[in-house]
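This briefing is meant for a reader who is meeting the structure for the first time. It begins with a term that the later points rely on and then goes through the model topic by topic.

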There are 2 protein chains.
Amino acid sequence: MNYILQFIEQNQDAFLNQLFEFLRFPSISSRSEHKDDVHRCARWLADHMKSLGIGNVNVFETLGHPIVYGEWFHSANAPTILVYGHYDVQPVDPLNLWETPPFEPSVRNGKIYARGSSDDKGQMFMHLKAFETLLRAEGNVPINIKFLFEGEEEAGSNHLDDFVEKNPELLKCDVVVISDTEWFADGLPSICYALRGIVLIEVKVIGPNRDLHSGSFGGAVDNPAEVLAWLITQLKNRYGRITIPGFYDNLLPLSEEERNAFRRLPFDESNFRSEIGVGELFGELGYSTLERIWARPTLEINGIVGGYTGEGAKTIIPSEASAKISMRLAPNQTASEISEKFINHIQSLAPPTVKIETVKLHGGNPVMTPIDSIWIKKAQIALKQAFGVEPVFMREGGSIPVCETFQRVLGASPVLLGFGLPGDNVHSPNESFSINNFFGGIKAIALYYKMLGQDNQTSF
Amino acid sequence: MNYILQFIEQNQDAFLNQLFEFLRFPSISSRSEHKDDVHRCARWLADHMKSLGIGNVNVFETLGHPIVYGEWFHSANAPTILVYGHYDVQPVDPLNLWETPPFEPSVRNGKIYARGSSDDKGQMFMHLKAFETLLRAEGNVPINIKFLFEGEEEAGSNHLDDFVEKNPELLKCDVVVISDTEWFADGLPSICYALRGIVLIEVKVIGPNRDLHSGSFGGAVDNPAEVLAWLITQLKNRYGRITIPGFYDNLLPLSEEERNAFRRLPFDESNFRSEIGVGELFGELGYSTLERIWARPTLEINGIVGGYTGEGAKTIIPSEASAKISMRLAPNQTASEISEKFINHIQSLAPPTVKIETVKLHGGNPVMTPIDSIWIKKAQIALKQAFGVEPVFMREGGSIPVCETFQRVLGASPVLLGFGLPGDNVHSPNESFSINNFFGGIKAIALYYKMLGQDNQTSF
């Protein structure tokens with residue numbers, strides 16, 4: 001371990017300078033005017049991987065942005081991990097809120113400021129630097145690693161599923177390691193072991209064959225916006241429980257152990273409330289805020305629209321109204337099961353005054369990894385050694401759809417070994433990444449790779 | 001009466017040709033590129049009025065389009081009527097759906113086809129032709145008439161209120177006569193004696209200080225779109241009755257006489273339903289469709305919007321959601337009373353998870369004229385004599401805001417003596433006006449003017 005620490009220590013400037021080079025590419029995947037920048041960034045990344053000794057480096061073209069792949073083969077008996085990350089970034093507007101330009105990285109107050117510093121260039125780059133460190137400091141990387149870096153994560157990962165489905169042999173692995181999540185708090189290394197799934201459905205209520213004059217028809221014809229409002233209130237009872245028949249049938253209940261672990265986390269509810277600017281929180285009765293976000297399924301109206309929404313007034317009964325509704329799923333619900341139950345429920349409520357159409361927009365299953373697997377246990381130890389603090393386990397309420405693709409196609413569970421912090425401003429102006437977490441994370445990952453190559457029964 | 005009939009008979013071609021000249025002006029008030037056309041139309045109208053012997057003709061400029069005014073003084077002892085109409089028209093798009101060009105009038109199947117033929121050039125022009133007929137056929141018009149024609153009715157009558165309020169002496173009258181409504185059915189002369197009022201309010205539900213990620217917050221934070229949906233369902237009970245406290249306090253109940261009169265009208269509910277394309281009608285329990293539209297107050301969602309409404313999906317809890325809500329008022333509710341009650345009710349429902357803002361957009365009181373007044377009785381007789389059919393009394397569910405202005409400022413009730421037909425396609429392509437109603441209407445109006453000048457006790 002001394003050699004590892006020493007190598008990182010000696011190469012701090014070099015590592016930072018290389019990261020800065022990487023961060024300078026404005027690889028904004030959702031803006032077509034940055035298509036070339038995304039490609040240049042992919043080629044730089046591939047060249048950098050080659051320079052580290054990673055083999056079989058390829059820039060795979062897709063119908064969207066390229067996928068950069070490379071591998072390190074140690075031995076047929078060693079475990080194989082797939083390291084997934086993304087080199088594309090979010091847009092930067094509003095530009096005027098940035099204190100320093102988003103693609104000119106700078107260091108202030110122990111943080112690296114740049115778009116992508118935390119999400120996800122900084123975090124995926126740590127894997128390359130950990131690989132380099134281990135190889136140079138110890139002369140060997142004792143596992144097989146497949147590096148898979150995509151350029152479309154911030155634009156919906158539209159072509160990754162297809163790539164994974166077409167290349168199961170190439171990507172075959174024992175476990176997927178992803179550094180793209182956050183710690184629960186600064187100074188508190190965290191391992192995320194569960195993500196919620198998602199179902200997204202659009203519900204359209206169709207009434208009269210045109211917008212009707214509310215004077216000539218109002219009072220005698222059912223109003224699609226009113227029907228939609230009523231439908232929405234029929235999806236939860238007054239205790240916040242979802243009333244779709246069978247919705248909770250397959251749900252894995254929270255164990256008392258987990259609930260106790262959640263309670264021990266330093267969560268400040270009044271901070272949480274005031275940061276988002278609401279007077280009272282609201283959710284399913286009988287569960288705490290963290291439980292509601294992390295471990296309970298929920299249903300949200302993401303958008304609603306119908307009738308006249310411009311300036312002033314137009315006195316109509318709208319011909320139709322619609323809502324985009326998402327449900328976050330908790331283990332062991334499945335997207336297909338829940339979307340079917342939702343649609344059946346909505347259709348069973350449809351009154352004869354209107355027609356109701358439903359369109360499935362998106363779906364992804366929840367993900368949960370056993371926290372006592374060897375993959376997680378070694379991550380726990382590596383984090384403790386690197387940061388000197390016992391890591392906590394946490395869940396996240398969001399969804400990382402590729403996790404479910406990896407589980408489904410490759411049969412490999414994810415280890416969510418993230419190093420971001422809640423104040424990193426990902427997706428916002430002034431995105432940053434803690435220098436402490438950057439170098440500590442390189443150390444943790446190098447130790448993790450090393451431990452994965454050692455006998456699984458050994459304790460370190 | 002023979003001279004009247006004879007004069008109209010002899011001048012049919014001349015009357016039609018003059019109307020066609022009037023209809024050829026594309027006086028679309030809501031389109032700035034037609035500003036000149038509206039002005040040219042106003043000047044033509046003023047010149048035509050002068051040519052008929054109408055005095056004190058003036059084209060009053062406003063901040064919008066001109067108001068054309070003229071008067072006929074008979075005697076200080078005779079009643080004074082204010083004839084109101086509008087010479088501006090609706091836009092014509094989609095142009096490709098017109099069988100003949102909207103501003104090249106043509107006659108087919110007993111109908112005049114042109115934009116404005118029914119709404120309202122054709123109908124207001126009948127008053128000028130009736131005046132001319134009476135003056136030329138009988139040598140006298142035995143009442144005082146003030147003609148007030150505006151050029152902004154289809155663009156919101158923005159400057160008429162101001163004009164009326166600034167000229168109460170000029171416009172002083174005993175009654176206002178308006179020909180801008182429709183008959184209940186073809187062949188069934190109708191007098192409208194009541195219009196609903198209106199209150200328009202925007203309700204905004206404000207939640208978190210930004211759109212929140214539905215993964216990171218969903219389940220723990222109240223959703224403004226869901227709150228709005230719930231608020232909407234709190235405005236009516238399951239019998240369709242509005243639950244705003246005190247909402248019905250001042251409402252004038254329908255008399256049994258009126259309900260019986262409504263029942264005698266040839267209303268075909270299945271036609272009504274299939275024309276608008278809905279499977280079932282829906283409204284306040286205990287009232288028929290015509291009662292619901294004409295005589296019961298109601299509440300409609302005119303528009304609703306919140307969160308992400310674009311293509312695809314965005315998984316957020318919206319920061320806010322809002323609805324434009326209109327209430328149609330029935331006699332004797334008032335706009336100020338109802339908007340206050342509505343706002344109090346909404347605010348009393350506001351949960352501590354959100355803030356609720358309300359904005360008043362518009363208001364107008366309902367209008368009702370006693371059907372046994374001498375003004376209405378004489379209209380009834382004139383219609384019977386002109387068309388040979390006993391006219392029916394009807395209400396309309398819409399609102400004509402200038403009626404309330406005339407009542408408030410001039411203290412004069414309206415006589416709604418319209419000649420349009422339900423199939424006239426007003427505001428749509430292929431607007432038309434029945435030739436039969438055009439000439440019959442001129443006859444009816446001429447007889448009406450004549451009768452208004454005779455002793456009120458006389459029966460005709």
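Predicted model: local features only at pLDDT ≥ 70, side-chain atom pairs only at ≥ 80, totals over all residues.

Two strands count as paired if DSSP finds at least two bridges between them. With that in mind, Ile112(B) can be said to stand opposite Phe433(B) in S18(B).

**How the two chains are related**

- Chain A can be laid on chain B by a turn of 180 degrees with a shift of 0.2 Å along the axis, and the RMSD is then 0.2 Å; this is the relation of a two-fold axis.
- Both copies use the same surface, since 100% of the contact residues of chain A recur in chain B.
- In the contact between the chains, 66 residues of chain A meet 66 residues of chain B, and strand S11 (residues 298-307) of chain A gives the largest share of the chain A side, with nine residues.
- By residue class, the side of chain A that touches chain B consists of 27 nonpolar, 28 polar and 11 charged residues.
- S11(A) also pairs with strand S11 (residues 298-307) of chain B, in the antiparallel sense and over five bridges, and Gly307(A) stands opposite Gly303(B) in S11(B).

**Domains of chain A**

- The domain assignment divides chain A into domain 1 (2-195 + 367-452) and domain 2 (197-251 + 297-364), and the centres of these two domains, taken over C-alpha atoms, are separated by 39 Å.
- Six residues from domain 1 of chain A and five residues from domain 2 of chain A make up the contact, and the domain 1 side of it divides into three nonpolar, two polar and one charged.

**The three-stranded sheet, in each chain**

- In chain A, three strands form an open sheet in the order S4-S5-S18 with antiparallel pairing, and its edge strands are S4 (106-108) and S18 (432-434), each of which pairs on one side only.
- Strand S5 (residues 111-113) of chain A pairs with S18(A) in the antiparallel sense over three bridges, and Lys111(A) has Ser434(A) as its bridge partner in S18(A).
- Helix H15 (residues 435-452) of chain A lies across S4, S5 and S18 of chain A and runs at about 55 degrees to S18(A).
- Chain B has an open sheet of three strands in the order S4-S5-S18, again with antiparallel pairing; strand S4 (106-108) and strand S18 (432-434) of chain B stand at the edges with a single partner strand each, so one side of each is left without a neighbour in the sheet.
- Strand S5 (residues 111-113) of chain B and S18(B) are paired in the antiparallel sense over three bridges, while helix H15 (residues 435-452) of chain B lies across S4, S5 and S18 of chain B at about 55 degrees to S18(B).

**A strand of chain B covered on both faces**

- Strand S17 (residues 413-416) of chain B is covered on both faces, with Ser413(B) and Val415(B) buried on one side and Pro414(B) and Leu416(B) buried on the other.
- Strand S7 (residues 175-178) of chain B pairs with S17(B) in the parallel sense over four bridges, and Ile178(B) stands opposite Leu416(B).

**The surroundings of Ser399(A)**

- Ser399(A) lies in the loop between strand S16 (392-396) and helix H14 (401-410) of chain A, and it counts as buried because it has 25 C-beta neighbours inside 10 Å, where 20 or more are required.
- Leaving aside neighbours within four places in sequence, the contacts of Ser399(A) include Leu195(A), Arg196(A) and Gly364(A), and also Gly215(B).

- Most residues other than glycine have a negative phi, and most peptide bonds are trans.
- A cis peptide bond joins Asp93(A) and Pro94(A), with omega about 0 degrees, and Pro94(A) lies in the loop between strand S3 (80-86) and S4 of chain A.
- The peptide bond from Pro331(A) to Asn332(A) is also cis, with omega near 5 degrees, and Asn332(A) is found in the loop between strand S13 (320-329) and helix H12 (335-349) of chain A.
- Asn56(A), which is not a glycine, has a positive phi of about 50 degrees; Asn56(A) belongs to strand S1 (residues 55-60) of chain A and counts as partly exposed, with 14 C-beta neighbours inside 10 Å.

Definitions and conventions:
Residues numbered from 1 in each chain as written. Chains lettered and ligands numbered in written order. Domains from an automatic or database assignment. Contact = placed C-beta atoms within 7 Å. Nonpolar A, V, L, I, M, F, W, Y, C, P; charged D, E, K, R; others polar. Least-squares fit on C-alpha atoms with pLDDT ≥ 70 in both. Helix = DSSP H or I, 4+ residues; strand = E, 2+ residues; numbered from the N terminus. Axes fitted to C-alpha atoms, helices over the stretch in contact; angles between N-to-C directions. Buried ≥ 20, exposed ≤ 12 C-beta atoms within 10 Å, placed from the backbone.
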